[in-house]
Amino acid sequence: MTRSVFIVPNTPHTPPPARSDRRSGARLLFLFLDGVGLGPVDDTSNPFAAAPTPTLQRLLGAPLSDAAEPASLGDSFGDGIFRHLDATLGVAGLPQSATGQTALLTGDNAALRMGRHYGPWPGPTLKRYLDRGSLFSEVGAAHGCFANVYPPGYFAALRSGKQKVNVPVYAAQAAGWRLRDLGDYRRERALPADLTGRFFYDYDPSLPLYRPEQTGAILADLARDHTLTFFDFWQSDSVGHRGSYDDALDLVARLDAFLAGLLGARGDVTLLVTSDHGNLEDKTDKRHTRNRVPLIVLGPGAAAFAEAMRIEDVAPAIRRLLFETENTA
């Protein structure tokens, strides 16, 4: 069966110029975990405390939880850091995706400017912030990779104006980054949000079905070819809101296996793992939480993140890593 190649419509403005003349030569893989906070070690409410997570346990010495102490990391994973980041943005109420993700991709505390948390989708105010620039526009389309694969129906809905997009997709489009399709997926140049490709396999059995370790290795391979690679693991927030506890246990186990494959193939790429707010770590409530979120950074650029305390500190640390060059004077 022949499939069309869908092209995302151009955004109605010119992306801000990339800072390509100031690139440091570093490469960063940003693994974004939507809605993953640091909850207590309680196997009745926190799937990170109950699911088998040998990779995270080996890395942190504890489950991904508030019991995992902030530390410098080392051993076969390489140098790194682990921190608990404040995701509240200094604003009362439950953190929301759009303002939290804007903070992560710009360093701009949009919730404080707006006087409230906002989400899940960016509205006109946040779109204006993102139109002015983000990490994606600073890196530039030629040097960035948005690693998620999207099905034909997604592109069709974008063309018709019926598809709402989250902050990462909006920022990528505003920066001129290409969203990846099934052609990329067949060539192992994109990966599925569920980490196995079950959705795509059920849609078309000629498409591959993976183990999470395999998709982790595919993402590592992509990251070696780009200055900034971004992967949106949005299913963690979706399962936090709507999934059962068993769904959450399965997802956490898949994520841990995915991390094993990713770390085994990462090479000298710096890996950044963080989130926009809590959710999945507390399955007693379907809402977001005010829990701190993890910051895990592994690789040669980890020191750039050592002083990060809040989610709005992430983007400035990425800029220090990707754009500062050595002083040769």
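Ala, Val, Leu, Ile, Met, Phe, Trp, Tyr, Cys and Pro count here as nonpolar, Asp, Glu, Lys and Arg as charged, and the others, Gly among them, as polar. By that scheme the lining of the largest cavity divides into seven nonpolar, no polar and no charged residues. The model is predicted: local features need pLDDT of at least 70 and side-chain atom pairs count only at pLDDT 80 or more, while totals for chains, interfaces and linings use all residues. Residues are numbered from 1 along each chain as its sequence is written, and side-chain values use heavy atoms, with hydrogens and water left out.

**Cavities**

- A cavity is a set of points, on a 1 Å grid over the protein atoms alone, where a 1.4 Å probe fits but cannot get out; a pocket is an open set with protein on both sides within 12 Å along at least five of seven lines, and lining residues have an atom within 4 Å of a point.
- Three cavities of 30 Å³ or more are found in the whole structure, and the largest cavity holds about 40 Å³ (volume being the space filled by probe spheres set on the points, which are joined across faces, edges and corners).
- The lining of the largest cavity consists of Leu-56, Leu-59, Leu-259, Leu-263, Leu-271, Val-273 and Ile-296.
- At least two lining residues come from each of helix H2 (54-60), helix H13 (245-265) and strand S6 (270-275); helices (H or I, at least four residues) and strands (E, at least two) are DSSP runs numbered from the N terminus.

**Largest pocket**

- The largest pocket has a volume of about 710 Å³.
- Its lining comprises 28 residues, of which Trp-121, Asn-166, Asp-232, Trp-234 and Ser-238 are the closest to the centre.
- Helix H3 (97-106), helix H10 (198-203) and helix H12 (235-242) give two or more residues each, and H12 gives the most, with five.
- Twelve nonpolar, ten polar and six charged residues make up this lining.

**Packing of H3 and H5**

- H3 packs with helix H5 (residues 124-132) at an angle of about 10 degrees, the axes lying 11 Å apart (axes are lines fitted to C-alpha atoms over the stretch in contact, and angles run from 0 to 180 degrees between N-to-C directions).
- The two helices, H3 and H5, are therefore roughly parallel, a term for angles under 35 degrees.
- Ala-98, Thr-99, Thr-102 and Thr-106 of H3 meet Leu-126, Tyr-129 and Leu-130 of H5, contact meaning heavy atoms within 4.5 Å.

**Salt bridges**

- The structure holds 15 salt bridges, each a side-chain nitrogen of Lys or Arg within 4 Å of a carboxyl oxygen of Asp or Glu.
- Asp-204 pairs with Arg-186, with 3.2 Å between the closest N and O atoms.
- This pair links distant parts of the chain, 18 residues apart: Asp-204 lies in the loop between H10 and helix H11 (212-223), and Arg-186 in helix H9 (residues 182-186).

Note on methods:
Parallel < 35°, antiparallel > 145°, perpendicular 65-115°, else oblique.
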